[in-house]
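Okay, thanks for making time, everyone.

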Number of protein chains: 2
Amino acid sequence: LRGNHYLRVQGKLSLPQILTLGFLTIILVGTILLSLPIASRDGTATSTINSFFTATSATCVTGMTVVNTALHWSLFGKIVILILVEIGGLGFMTFAVLMFVFMRRKVDLTTQLLTQQSLNLETFANTRSVVFLVVRLSLAIQLLGALLLLVDFYPRYGLKKGIGFSIFHSISAFCNAGFDLFDNSLVRFQNDPYFLFVLTILIISGSLGFLVWKDILLYHEDHYLSLHTKLALTTYLGLIVLSFGVYLLTEGNFSENQHLDFFQRLMNTYFMSVTPRTAGFYTVAPTHISMGGMFFTMILMLIGGTPGSTAGGIKTTTVGILLIRVWATLRGKRDATFMGRRFTNSNVSRSLTLVFLVAVVLSVATLVLTLTEKIPQHSGIEYIMFDVVSAFGTTGYTLGLTPHLTVIGKLIFAVLMFMGRVGVFTVMYSLLNSKRPEDAFRYPKENVMIG
Amino acid sequence: LRGNHYLRVQGKLSLPQILTLGFLTIILVGTILLSLPIASRDGTATSTINSFFTATSATCVTGMTVVNTALHWSLFGKIVILILVEIGGLGFMTFAVLMFVFMRRKVDLTTQLLTQQSLNLETFANTRSVVFLVVRLSLAIQLLGALLLLVDFYPRYGLKKGIGFSIFHSISAFCNAGFDLFDNSLVRFQNDPYFLFVLTILIISGSLGFLVWKDILLYHEDHYLSLHTKLALTTYLGLIVLSFGVYLLTEGNFSENQHLDFFQRLMNTYFMSVTPRTAGFYTVAPTHISMGGMFFTMILMLIGGTPGSTAGGIKTTTVGILLIRVWATLRGKRDATFMGRRFTNSNVSRSLTLVFLVAVVLSVATLVLTLTEKIPQHSGIEYIMFDVVSAFGTTGYTLGLTPHLTVIGKLIFAVLMFMGRVGVFTVMYSLLNSKRPEDAFRYPKENVMIG
Ligand SMILES: [K+]
Ligand SMILES: [K+]
């Protein structure tokens, strides 16, 4: 199936271009809907740039806001945002296939190819069953999550508001979108370990990625885990453990929060070690953590989640491959190996290229923003850098810049969120209208998705 | 000669280990000399950590100071610093070979191999003649530079002090060390285009690297420029032009400096576009430039100069190769080519590994320093990051952290300077006691030095 990547569909647009245009279309439809008077709470039309920014942020599951989600948008507006999040989270190609299925037509080859590209599937013959699996699983987890959240929200907000809040935050958490209906993310839930735990389960479920889930779900049948799944789970777990340790060190387990007991504080540190990479919720605002914690959070946002999931960033497997490659190089080893498998050269080289490309893109964005944005006195370069990385990692944290962005700034951030979600390579290939390079060397080995 | 890299000299130490230990020995001798009472101006012994930091900074041609060079050190101390700079700049192996030559003994194979490793020479049969060429050229340029500076310094400081200052600053500039005998780098020379121009010529001469010079000097004979020289010159020139443009944009050609005329201001912008990558002199302090200029300076310091020169950082050719590789990947091209030559796979992959490794090292250093150092209120993360990159790029700029470093901070900075000068791979190979990996694939093509 490999060669199919290079097919020009209908002889006009390349696959990356169709994917890019598809996401763009969804964002534009969202922009139009959100700019309608009925989308805002006070019944006035929202400015095009703010509607565009919000639609991009929702579709790219970033959660960055230039207007307060709870206060500015009407119920209609909130539902539009939720639908955009769901489309962005599951990927619009999944939906396209679903539509075909519901129309009882056989999925045609073009759509199959697009879905495979979108989900980074390279080896699945039966796209339809994978997509069904993905969608069923996703909806089941989100439904279960909403029920578990309702246990907490019902006593707080009553039945009607409780159900609405449960659904909204379950979807937002599973899709790692980070939108919330409170004025200060989840700070009020600092002392609610049950809520925080349910939310991290939703976040982790959504950020493992569909391939990992498929491997886990089918494990009882074939007892097989792909190299991708092994690496993704290892790096994911490793990053949570590392984050927990580093945040314990930099934030001292929030010991100044005397209104929380030790276990509650530990729960906040755990929550913090799960969310920054792409979910973007917080119980302690990024502006209130230490300099070291802020810097480490930037690194986590840059890394992001698993490819094929709702996550942004350069992806966990990319970092995993590179760490293994560097260690092999330093040990004088020829091959980068993991759990008895060898990474292909093209896999490693694409990972490295991706990281370098991202470094260039983020540096240029930061440099341009220092010229276009107003930086408050006493603010450091992190005032720009942190939000730039947050947009690219589709985390959605801000140190204060995002709500005050200029129009140029909002456009740059929209591009960053788009690249973070759709993939740097996909966007670049679309712009340059080029195909993926043929691999210079091929091993009979497995590829790992790198985003 | 390739296989010789893997030779264990005397069956005990690997080549990277001998190089690392050699530099360490020089630093330790320098530390002892600088901690003597006669090295300081007031005749008291300097603390070991400050002597060690200064010796490291001098040997690694960084120019970072924890005590004021002009005010703290005696003439003896200044001469020690100057000798360390010269040794660090030309590379201690050049000196070892010179000593052999002066002792009228034939250079033995071990020394030849060490010199080749040190200068990144892979294809020279006659090490001795190359070293002679390097040393003669370096000394000639430094002598000429001192004479040209004397034209400026004689009227200012009289003959004796003028000669001393000329020699000191010529060596410091050629070796890209950035040490100066004034209290505020070269701010007082803002209105002295002649001085600034001579200094940039010295800086550029020293940072082109020996291989480039050899190619240029022998061009009338063989009309041959290596791929390395072509790429090094192109990236070098490109970076100066880019820097000039960006600084014009971010600093507005220093238009607030009304005491300077337009040409003088342009000269300062030009000076600024040459020095940050590794020299570390300035006429406008890093604390006085814009946020965008500061961020761009960080990028330039990270890039550094040409490998095989007195420069630190990840090196210009590394960045050049990676830009070409990324562009080729995005254009769907299989090979990264430049001026009719193809880069080898191992060259590209080592470049990428280097960049990733450096990113990890600098991130960990920054994170640890946020915990160990006292950060003034209202300071951003650049208070740490800028100085960290400056140390690794052996530039020597500071936003204020360096003079206030804790003992742990000084040790971390010493390691960063050391890695920047000796080379990340060399240091890592030494620590891990491993050999370079065999290349998985070999083309009959040229390698480019990447640092
Ligand atoms: K998010
Ligand atoms: K320097």
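So, start with the potassium ion that is ligand 2: its donor residues follow the spacing V-T-x113-N-A-x100-T-A-x114-T-T along the sequence. Keep in mind that this is a predicted model. Who are those donors by name? They are B:Val61, B:Thr62, B:Asn176, B:Ala177, B:Thr278, B:Ala279, B:Thr394 and B:Thr395, each coordinating through its O atom, at 2.6 to 2.9 Å.

Take two of them, B:Val61 and B:Asn176. B:Val61 sits in the loop between helix H2 (48-59) and helix H3 (69-72) of chain B, and B:Asn176 in the loop between helix H8 (159-174) and helix H9 (193-207) of that chain, so this pair ties together parts that are 115 residues apart in sequence. Buried or exposed, these two? Both B:Val61 and B:Asn176 are buried.

Now hop over to chain A. The potassium ion there, ligand 1, has A:Val61, A:Thr62, A:Asn176, A:Ala177, A:Thr278, A:Ala279, A:Thr394 and A:Thr395 as its protein donors, again through O atoms, lying 2.6 to 2.9 Å from the ion. In sequence, the donor residues of ligand 1 are spaced V-T-x113-N-A-x100-T-A-x114-T-T. Here I'd pick out A:Ala279 and A:Thr395, which link distant parts of the chain, 116 residues apart. A:Ala279 is in the loop between helix H13 (262-274) and helix H14 (291-303), while A:Thr395 is in the loop between helix H17 (382-392) and helix H18 (407-422). A:Ala279 is buried, and A:Thr395 is too.

Okay, how do the two chains relate?

Last stop, another glycine: B:Gly145, in helix H7 (residues 127-157) of chain B. B:Gly145 is buried, with a relative accessible area of 4%. What does B:Gly145 contact, leaving aside neighbours within four places in sequence? That would be B:Ser170, B:Val198 and B:Leu202. As for B:Ala173, it is 28 residues from B:Gly145 in sequence and 9.0 Å away in space, C-alpha to C-alpha.

Definitions and conventions. Residues numbered from 1 in each chain as written. Chains lettered and ligands numbered in written order. Predicted model: local features only at pLDDT ≥ 70, side-chain atom pairs only at ≥ 80, totals over all residues. Heavy atoms only, no water. Donors = N, O, S within 2.8 Å, 3.2 Å for Na, K, Ca; no water. Helix = DSSP H or I, 4+ residues; strand = E, 2+ residues; numbered from the N terminus. Buried < 20%, exposed > 50% of the residue type's maximum accessible area, 1.4 Å probe, protein only. Contact = heavy atoms within 4.5 Å.
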